Amino acid sequence: MLDALKDELLSLVNAAADLPALDEVRVNALGKKGRITGFMKELGGLSPDERKERGQALNALKDEIAAALDARKLDLAAAHMKARLEAERVDVTLPVRPETEGRIHPISQTMDEMIAIFAEMGFSVAEGPDVEDDFHNFTALNFPVGHPARDMHDTFYLPDADDKKMLLRTHTSPVQVRTMLNNKPPIRIVAPGRTYRSDYDMTHTPMFHQIEGLVIDEATNMGHLKGCLVEFCRAFFDVDDLPLRFRPSFFPFTEPSAEVDIGCLRKGGELKLGNYGDWLEILGCGMVHPNVLEACGIDSTKYQGFAFGMGVERVAMLKYGIPDLRTFFEADLRWLKHYGFVPLDIPNIAHGLTR
Ligand code: PHE
C-alpha cells in the first residue's frame, strides 16, 4: 500500500510544472494534514512491533519524498532562471544611442587629448590654484621686482592677503614652482589649467587656458625638449612629417629660451598644417633657468631640465578650425552642439585621439 502511495506521490512531484504547484504537492504529502502525516498519526493505535516496522517504512517514504521534492525544486528554479535569462536578454553589443544632448567643450576635449599624449610619454598631471601670489607667479620664476617682463603680463591684481601680493595667475608656470618645491627630481609633469590676463580682442580673452610641461633630471637637455615637442605636435595634429622650427626667444624663467613654430600653408583664407614652407607660432619653451631651480630648492649644479607652455585655445582653434577665440566662452548652445564632442569620444592614443 505504501508502495502505491510512493509511486503516486513521486509522479505528482515530477508532474509539478512550477514552484507553487510543487509546494501544493509538498503540503498534500508532508504538511500537517498531509497524507504521510496522516499515516504517522495512526501509528499510536498499533502494537509496538507493528508500530516499529510501519514507522520505519513511513520515515523512509517521508525522506524519499522530501528528497524528490528538493531535487524537483532545484530543477524548477534552474528552469525558471533560464527562462528569465532568455526573456530579459540584453544585447550588450548594441551601440549606445548616439544622440545624447550634452557635449564636451572643445577646451576640455583638447586638454584631454594633450594629457593622453603626454601620459603616454610618462608625464603625470599637476595642478595649482588660479589665485596665486606674486612669489609663485613671478619672483620664483626669475622675474625680479620691477623687471619689465612683469608688465608684459597685464596682470589682474587682487587685494593683498597676509602681506602677500595676490593675483590671478597669468600663466601656468607657477605650477612648475609648486611642483619643484614639493617634489624631488626626477620630475615629469604637465599642468593644464586656466590663466588670466587683462586683455580682450579677436585673439585675446581675459581668461584662457594653458598647458605647462616640466622635466627635471640630471642629464635632461635641449635635445630631449625638441624630441618631446616634435613627438607631441605630430601626435596632436596627426601630421606625421609636421616640421617644427625652434626660434630663439626670451622668458625670464628659461635659458636658453625658444618659441616653436609649426609648418603650415596659408592660402585663400585657409590654413593647412604640414611641410609647406610657411610657419605659425604655437608655444614657448626653454631650459629651466638655474635661478628658478635654486629658488625652488633644487641644486642647479646637479639638476637641469626643460619647460614649455602652450595656449590651449590656440591649438584647439587650429586643430578644429574654430575661427573666433571669443566664441569659446559665450556659452552658446548652438556653437557647443556644432564644435563640441560627444561624451563617449574619450581621447585615447590606442584608438586615435578623435574619431
Ligand atoms: N609661461 C610662458 C607664457 O605664458 C610660456 C612658457 C612656459 C615659456 C614654459 C617657456 C617655458 O608665455
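1. In what follows, Lys and Arg count as positive and Asp and Glu as negative, while His and the chain ends are not counted. The place of a charge is taken as NZ of Lys, CZ of Arg, CG of Asp or CD of Glu. On this basis the protein has 40 positive and 54 negative side chains, and the centres of the two sets are 6 Å apart.

2. The model is predicted: local features need pLDDT of at least 70 and side-chain atom pairs count only at pLDDT 80 or more, whereas totals for chains, interfaces and linings use all residues. Residues are numbered from 1 along each chain as its sequence is written, and side-chain values use heavy atoms, with hydrogens and water left out.

3. Overall dimensions come next. The C-alpha trace spans about 120 × 50 × 40 Å along its principal axes.

4. Two domains are assigned, domain 1 (2–87) and domain 2 (106–339), with bounds from an automatic or database domain assignment. Their centres, taken over C-alpha atoms, are separated by 80 Å.

5. The protein contains 12 helices and 11 strands; these are DSSP runs numbered from the N terminus (helices H or I, at least four residues; strands E, at least two). Of the 355 residues, 41% are buried (buried means under 20% relative accessible area, exposed over 50%, partly exposed in between; 1.4 Å probe, protein chains only).

6. Within domain 1 (2–87), Ala57 belongs to helix α4 (residues 48–87). Ala57 is partly exposed because its relative accessible area is 34%. Ala57 and Asp3, 54 residues apart in sequence, are 9.9 Å apart in space, C-alpha to C-alpha.

7. Two residues of domain 2 (106–339) may be considered together. Thr110 lies in helix α5 (residues 106–120) and is buried, with a relative accessible area of 0%. Beyond residues up to four places away in sequence, Thr110 touches Phe236, Val312, Val315, Ala316 and Tyr320, where contact means heavy atoms within 4.5 Å. Leu283, in strand β10 (residues 278–288), counts as buried at 2% relative accessibility.

8. Which residues does Leu283 contact, leaving aside its neighbours within four places in sequence? They are Leu229, Ala258, Glu259, Val260, Phe308, Gly309 and Met310. The C-alpha atoms of Leu283 and Met310 are separated by 4.7 Å, although the two are 27 residues apart along the chain.
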